[in-house]
Amino acid sequence: MSHDPDRNPDEPELSRRMMLAGGAGLAALSASQLVTGCATGRPWQPAAGSAAAIRNAPQAPYGSFRDFIAALEAYGLVFRIPRIDQDAYELTALTYRLIDEYGWYEAPCIVVDEVRIEGQWVRGPVVVNHMGHWFTEAIAFGVEPVPHDGVATYRKVMGKLEGMLVDGEYPRIEPVEVAPAEAPCKEIILRGDDIDLTKFAFIKSNPADSRRYVNTGSSFTEGPDIGKNFGTYRCELRGPRLLGFNPEPNQTAWRTLMAAKKRGEKSVSVSIVLGQDPVIWTISGSRIVNRLSKEKVDELAIAGGMQGRPVRVVRSETNRHLVPANAEMVIEGDVPLDEMMHEAAMGDE
């Protein structure tokens, strides 16, 4: 159990045992009690965004992840917290508490400015549940939500996406490459010993997790047989410059790795993109390309088709991958094919 000198002694302290106790333990705590140093001291309450705020907010298609979060905030779907103690698993407990209170599809996005990790306060932000609410798909794809009706809103979005299909395929607009000077993801570049991934606000979500995880990245791979691909594969943080990379058997990245190993290659280059726009993120976690066909499809072209404009891409620093230029962060590396290891299980499995 960690102890915060700034904590009000009259507030209950959250321990791992308390969180794991489940319903009784969490039900006794309000959302505000789970927040360390929260400026408002009030739990989140759902609020309809004002027409003016929504009208003045960024609109789909979004130029960045930041624009998407600003749009969610205009709709009243963001709970902002100055700082939270993740050594005590407060962010995990708060997420569960909000889901218990409002439901899986009504809980807000959480944005935390600063988190405590291994005794140190680390600047974020950390963003949780940004695609959890019923309305988030509508906001992502530029569909007006149906007030107070998440199911109808979701069906409305699905109708729009189905309407995009032509002979069972989504439209494509090829991405456009820009110079590094035009790419926000190139504003700061770290190389060699200057890189320390442990200093970033990647969190250990559950007490039984083996380590902290980079778990919302879009991992870009490419091979001559399958072509370009990006997908969401969990990445275990093993050291300052070492990540686990965990595509499962028969997933596209796994097939790319195995094909390269069969050709006698020693490694496969990967670029992991974080803070991508919501359409790219949706595609990253979805199977929308028929990989059994012989046609090679660039999923970024599909993202462009869905948004009605090309995705701006920039070349990675250490490999040939073209990645979204407006991403918040890109981690580049190589997967050694002669050192395949099993990843430890996550605690929520």
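A residue is termed buried when its relative accessible area is under 20%, exposed when that area is over 50%, and partly exposed in between. The model is predicted. The points below concern a surface patch, a pair of strands and a glutamine in a loop.

**Surface patch**
- I188 has a relative accessibility of 69% and therefore counts as exposed.
- The position of I188 is in the loop that runs between β4 (176–177) and β5 (213–214).
- Together with L190 and F200, I188 makes a nonpolar surface patch of about 300 Å².

- Seven bridges join strand β1 (residues 78–85) to strand β2 (residues 109–117), and the two strands pair in the parallel sense.
- Between β1 and β2 the chain passes through helix α5 (residues 90–102), giving a right-handed β-α-β crossover.
- R83 has E114, in β2, as its bridge partner.
- In a regular strand, side chains alternate between the two faces of the sheet.

**A glutamine in a loop**
- Q276 is located in the loop between β10 (267–274) and α9 (278–284).
- Because its relative accessibility is 5%, Q276 counts as buried.
- The side chain of Q276 reaches the backbone oxygen of T216 at 3.5 Å.
- A polar atom of the Q276 side chain also lies 3.3 Å from the backbone oxygen of V273.

Terms used: Residues numbered from 1 in each chain as written. Predicted model: local features only at pLDDT ≥ 70, side-chain atom pairs only at ≥ 80, totals over all residues. Heavy atoms only, no water. Patch = residues over 30% accessible without salt bridge, like charges linked within 9 Å, V, L, I, M, F, W, Y side chains within 5 Å. Areas by Shrake-Rupley, 256 points an atom, 1.4 Å probe, with all protein chains shown as cover. Salt bridge = Lys/Arg side-chain N within 4 Å of Asp/Glu carboxyl O. Helix = DSSP H or I, 4+ residues; strand = E, 2+ residues; numbered from the N terminus. Buried < 20%, exposed > 50% of the residue type's maximum accessible area, 1.4 Å probe, protein only. Pairing = 2+ DSSP bridges. Right-handed = clockwise from strand over helix to strand, strands pointing away. Polar contact = N/O pair within 3.5 Å; in protein donor to acceptor, adjacent residues only side chain to side chain.
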